[in-house]
Amino acid sequence: MDGIVLPGRYLRSPLSNLCRSCSRRLLPRQSRSYSNAGAQAPDIYDVVCVGGGPAGLSLLTALRANPTTASLRVALVEAQDLRKVRAWTMPPNRFSNRCSSLTPTSARFLDRVGAWGRHVRRDRVQPYHEMQVWDGVSDARIEFEWGAANNDDGGTAGSGNGNGGRTIAYMTENLNLTSGLLGRLDELGGVAVFDGARVEGITLGEETEDLDFTEWPIVHLVGGKQLAAWLLVGADGANSPVRTFAGIESRGWDYERHGVVATLELEGEGWGGDATKTAYQRFLPTGPVAMLPLPGNCSTLVWSTTPSNAALLKSLSPQDFVALVNAAFRLSPVDLAFMHTLSAGQEDELAWRLQHTRFDRRAIPQTVTGVQEGSVASFPLRMRHADTYIGERVALVGDAAHTIHPLAGQGLNQGQGDVECLARTLEYAVDHGQDIGARATLEPYAAERYAANHVLLGVCDKLHKIYSVGSGPLVPLRSLGLSAVNAMGPLKGFFMDQAAGNGIKFGKWL
């Protein structure tokens with residue numbers, strides 16, 4: 001059996017499976033006395049990823065699926081019990097309220113690592129092909145739709161509905177994605193999974209009688225388990241312990257808004273039926289309200305509003321909640337604001353007000369007829385951006401690096417872009433014999449993704465602020481701009497490419 005001989009002990013595989021750069025750091029030291037000679041030695045890994053959400057699971061799946069990086073010894077640390085995620089299932093007519101929009105670019109990446117086509121349940125994924133976005137104050141509107149001649153799905157991540165149109169994005173439940181990624185990871189094997197494990201602390205290692213861990217981040221788990229990482233990846237969310245360990249600041253602000261989510265039932269499958277699904281978003285002075293299609297006659301709601309409005313929405317009866325959602329896409333901001341002052345009775349109030357309100361019913365979502373029990377929830381909205389995505393032996397991905405307003409539906413796609421870039425960077429490092437945890441090795445990842453994410457964070461932040469104004473000269477100016485973009489085909493096509501993840505890669509140019 002292969003092994004590395006060190007003073008006083010013989011380390012057999014799997015240590016021999018470490019990459020060469022990691023193994024070189026474990027050379028024996030000259031004999032001396034050590035105060036911690038009896039301390040528990042950590043398990044040793046090339047890559048330890050803290051966080052088992054979409055970003056962390058995608059990264060490990062990409063590393064294991066690539067022949068170049070499959071030899072790396074990797075581990076996953078996740079606080080939740082992943083058995084529940086593996087066994088996740090729901091009836092076909094019920095959907096989780098935590099859904100995300102995946103661009104075709106993200107879907108193609110997931111397909112390349114073997115998760116999208118075989119493990120993500122595609123019957124619970126809904127592609128959409130059109131978007132209707134309008135100003136709730138002026139009714140200025142922009143319509144995004146692909147012509148049949150522009151189809152470029154190529155069958156890899158296509159909609160599968162035979163309409164010949166190009167998919168703007170896919171709506172999927174977060175649990176469907178994580179469950180599919182876990183299935184693919186289990187199929188690939190070779191990952192040490194520590195689930196139901198809480199991180200007690202992260203420190204730099206110490207020099208022991210046998211090994212020198214002074215350059216290694218050591219992840220301490222509750223219960224005493226220790227994991228030594230030559231590269232520690234933080235995919236552990238906005239309050240990232242990995243980011244804290246690395247001393248990386250995260251800056252931004254709270255929007256003083258909450259995102260209300262719910263699973264809705266509509267009177268039909270949409271104006272275009274199952275063949276052509278449409279996403280809707282209306283910008284209100286209190287924040288945008290969006291209705292995004294799910295399979296059948298279901299949709300997911302994402303309503304950015306004030307904390308007091310969010311509290312009211314969660315307190316309403318199902319009938320009054322449905323009425324307020326329908327009002328959000330039909331009534332004027334003034335009428336809608338009045339309905340938020342009522343503690344009950346929104347259903348009757350809407351019925352009366354609709355008699356005196358004119359609107360094009362085919363330019364808005366079909367009428368909501370019900371809300372799935374237990375699906376109404378809310379979460380605070382904020383913008384955060386880490387000063388850098390890397391440190392010595394540390395890389396951040398997903399929400400650990402950036403948190404964005406949900407108005408563009410790009411949060412999950414930003415994380416997938418991080419993962420794809422980091423996996424590509426590590427592949428290059430392994431292929432060229434580089435130290436996978438060195439800052440110089442990780443710099444291409446940070447340079448590409450920081451710039452790209454910074455642009456998108458800024459755009460979404462400015463859009464939120466521009467459309468939070470309910471009156472004054474800014475309203476006609478923004479309406480003029482929206483109408484102008486809608487009338488200019490090439491410019492609108494550019495924005496559609498960016499939304500679908502096919503546009504300019506800003507990180508390569510900035």
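Me: Helices are DSSP runs of H or I with at least four residues, and strands are runs of E with at least two. On that basis, how many helices and strands make up the secondary structure of the protein chain?

Reply: The model is a predicted one, and its protein chain has 510 residues, of which 53% count as buried. Among the chain's contacts between residues at least 6 apart in sequence, 75% join residues at least 24 apart. The secondary structure of this chain comes to 14 helices and 22 strands.

Me: What distance separates the end C-alpha atoms of helix α12, and what span should its residues give?

Reply: Helix α12 covers residues 439–467, which is 29 residues, and it carries a kink of about 30 degrees centred on Y445. At 1.5 Å a residue the helix should span 42 Å, and the distance between its end C-alpha atoms agrees with that expectation.

Me: Is Q414 buried or exposed?

Reply: Q414 lies in helix α11, which runs over residues 411–431. Leaving aside neighbours within four places in sequence, Q414 is in contact with H402, I404, R449, N453, L456 and L457. Because the relative accessibility of Q414 is 2%, and the limit for this class is under 20%, Q414 counts as buried.

Me: With which side chain does the side chain of Q414 make a polar contact?

Reply: Residues in contact with Q414, beyond its neighbours within four places in sequence, include R449, N453 and L456. The polar contact of the Q414 side chain, at 3.1 Å, is made with the side chain of N453.

Me: Within what arc do the buried residues of helix α10 fall, seen down its axis?

Reply: In helix α10, residues 346–354, the buried residues are Q346, E349, L350 and R353. Seen down the axis of α10, these buried residues line one face of the helix, because they fall within a limited arc, and that arc is 100 degrees.

Me: Which helices are included in what covers the buried residues of α10, and which residue forms a salt bridge with R353?

Reply: The cover over the buried residues of α10 includes α7 (307–315), α8 (318–328) and α9 (333–339). The side chain of R353 meets that of D335 in a salt bridge of 2.9 Å, N to O. This pair links distant parts of the chain, with D335 in helix α9 and R353 in helix α10, 18 residues apart.

Me: Why are E187 and R184 separated by about one helical turn?

Reply: The side chains of E187 and R184 meet in a salt bridge of 2.4 Å, N to O, where E187 is partly exposed at 39% relative accessible area and R184 is buried at 12%. An α-helix has 3.6 residues a turn, so residues three or four places apart point the same way. The separation of E187 and R184 is about one helical turn because their spacing in helix α5 (residues 174–188) is 3 residues.

Me: How far apart are the closest N and O atoms in the salt bridge between D461 and K462?

Reply: A search of the whole structure finds 20 salt bridges, and one of them joins D461 to K462. D461 is buried, with a relative accessible area of 1%, whereas K462 is partly exposed, with 46%. The separation of the closest N and O atoms in the D461 and K462 pair is 3.7 Å.

Methods:
Residues are numbered from 1 along each chain as its sequence is written. This is a predicted model: local features need pLDDT of at least 70, side-chain atom pairs count only at pLDDT 80 or more; totals for chains, interfaces and linings use all residues. Side-chain values use heavy atoms; hydrogens and water are left out. The expected span of a helix is 1.5 Å times one less than its number of residues. The bend at a residue is the angle between axes fitted to the seven residues ending there and the seven starting there. Buried means under 20% relative accessible area, exposed over 50%, partly exposed in between (1.4 Å probe, protein chains only). A polar contact is a pair of N or O atoms within 3.5 Å; within protein, one must be able to donate a hydrogen and the other to accept it, and residues adjacent in sequence count only if both atoms are side-chain atoms. Contact means heavy atoms within 4.5 Å. The arc is that of the directions from the helix axis to the C-beta atoms. A salt bridge is a side-chain nitrogen of Lys or Arg within 4 Å of a carboxyl oxygen of Asp or Glu.
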